[in-house]
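Hi everyone, thanks for coming along.

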Amino acid sequence: MQTPLDTALSAFPKADLLQGPTPIQRASRLEQHLGLVERGIGLYLKRDDYMLIGGGGNKLRKLEFHLGAALAQGIDTIITVGGIQSNHARLTAAVCASLGIACELVLTRSVPKTEIEYELNGNVLLDQLFGAEMHVLDKGADALAMAEVRAEQLRKKGRKVLVIPTGGSTAAGSLGYARCAGEIVRQEALLGFAFTQVIVPNGSAGTHAGLAAGFECLGRGAETVKSYSVLSDQPASATRTLQLAQDTLALLGNKAELSAGAIHVDGSQLGEGYGVPTQAMVEAVRLMARCEGLLIDPVYSGKAFAGLVADLRQGRYRRGDNVLFIMTGGTPGLFAYREALTTA
């Protein structure tokens, strides 16, 4: 059945990058390991790492709308920005390759890591394989300003250029996760229950904001979503998420006014900063791998899953609750963190 959210989303051009909904699977071995079975708590995984283009990941949902707009405008070049090991940059390069659009990446050394694996392996290797032209800047450089300068240079040569900000986390990009909220609700109908809470990492805020806007449009409420900040401290992340969720609602034509209390961001897993490993993250990555045979990345899902595990162990969920953890992809980043994952 068509919902008002579906109708609102249909007004925006979209590139079909997912080719259908991503699956939800029960994490039975994790439930046993964490003692959830006897406590009557269900743990489920939404496999947003399970996509066909570029190694998959949450950024593809945002890129569906960014690239939909680009194709509608006749764009021939995409420029985007991020850190050296940016998953968004890798997927932008992959999508552009699949659509025959030129791609340039402006990447900054935003993480205090200098190992050869970090500089040359993981997402960096894939960026090169996908044929992206790369510009690498030192920490503190304004990557978006550099991208705009480069875009203007190319426009003067007759190129049609679109610049996409960090993580694709604009209101337009967040439509991808508003759409995901509708996808989850349809999957809940098949499962026969509604999830108590949906868990995501929070970097540039687009995933949380989009889900919050989508659930709000569907009458479930933005508070259905909880995120763990991996980029900024809790106040900054919550403020950014609230504004982006509000902007996404406005783009959808929804006049709801979200309160700050509707946006749940936990800052406990950030550690020393973005991309900096924590012991809890390493343990969480190993736990997922050894219980379920599944891989989560060290920057985003690794820290978010560490937060969820801590909450589950501390009794923050009750009998009858069902929790959905969205696996946002980023597996190539594991190969850039070999030292942290093998020596911790």
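Helices (H or I, at least four residues) and strands (E, at least two) are DSSP runs, numbered from the N terminus. Axes are lines fitted to C-alpha atoms, for helices over the stretch in contact, and angles run from 0 to 180 degrees between N-to-C directions.

With that in hand, helix 4 lies across strand 3 and strand 6, and runs at about 160 degrees to strand 6.

Before going further, a note on what we are looking at. This is a predicted model, where local features need pLDDT of at least 70 and side-chain atom pairs count only at pLDDT 80 or more, while totals for chains, interfaces and linings use all residues. Residues are numbered from 1 along each chain as its sequence is written, and side-chain values use heavy atoms, with hydrogens and water left out.

What does the record say? In an unreviewed entry, UniProt places the feature "domain: Tryptophan synthase beta chain-like PALP" at residues 17-329. UniProt positions are in the numbering used here, feature names are shortened, and annotations may be inferred rather than shown by experiment. Over residues 17-329, the chain is 45% helix and 17% strand, with the end C-alpha atoms 15 Å apart.

Now to the sheets. Strands of a sheet pair through backbone hydrogen bonds, either parallel or antiparallel. Here, two strands pair if DSSP finds at least two bridges between them.

In what order do the four strands of the parallel open sheet come? The order is 5-4-3-6. Strand 5 (133-137) and strand 6 (161-164) stand at the edges with a single partner strand each, so one side of each has no neighbour in the sheet. From one strand to the next, the twist averages 20 degrees. Strand 3 (residues 77-83) and strand 6 run parallel, joined by four bridges.

Next comes an open sheet of six strands, with mixed pairing and the order 1-2-10-7-8-9. At its edges stand strand 1 (24-26) and strand 9 (264-266), each with a single partner strand, so one side of each is left without a neighbour in the sheet. Ignoring direction, neighbouring strands of this sheet are turned by 30 degrees against each other on average. Strand 8 (residues 225-229) pairs with strand 9 in the parallel sense over three bridges, and Tyr228 has Asp266 in strand 9 as its bridge partner. Helix 11 (residues 234-251) packs on the sheet and touches strand 7 (197-202), strand 8 and strand 9, with its direction at about 150 degrees to that of strand 9.

Finally, how do helices meet each other?

The axes of helix 4 (residues 59-73) and helix 9 (residues 171-191) come within 7 Å and cross at roughly 125 degrees. These two helices are therefore oblique to each other. Among the residues in this contact are Phe65 and His66 of helix 4, and Leu175 and Tyr177 of helix 9.

Helix 9 also packs with helix 11, at an angle of about 85 degrees and with the axes 9 Å apart. That makes helix 9 roughly perpendicular to helix 11. Their contact includes Ala171 and Leu175 of helix 9, and Leu244 and Leu251 of helix 11.

My last pair is helix 10 (residues 206-217) and helix 11, whose axes come within 8 Å and cross at roughly 50 degrees. Helix 10 is therefore oblique to helix 11. Among the residues that meet here are Ala209 and Ala213 in helix 10, and Leu244 and Thr248 in helix 11.

Terms used
Parallel < 35°, antiparallel > 145°, perpendicular 65-115°, else oblique. Contact = heavy atoms within 4.5 Å.
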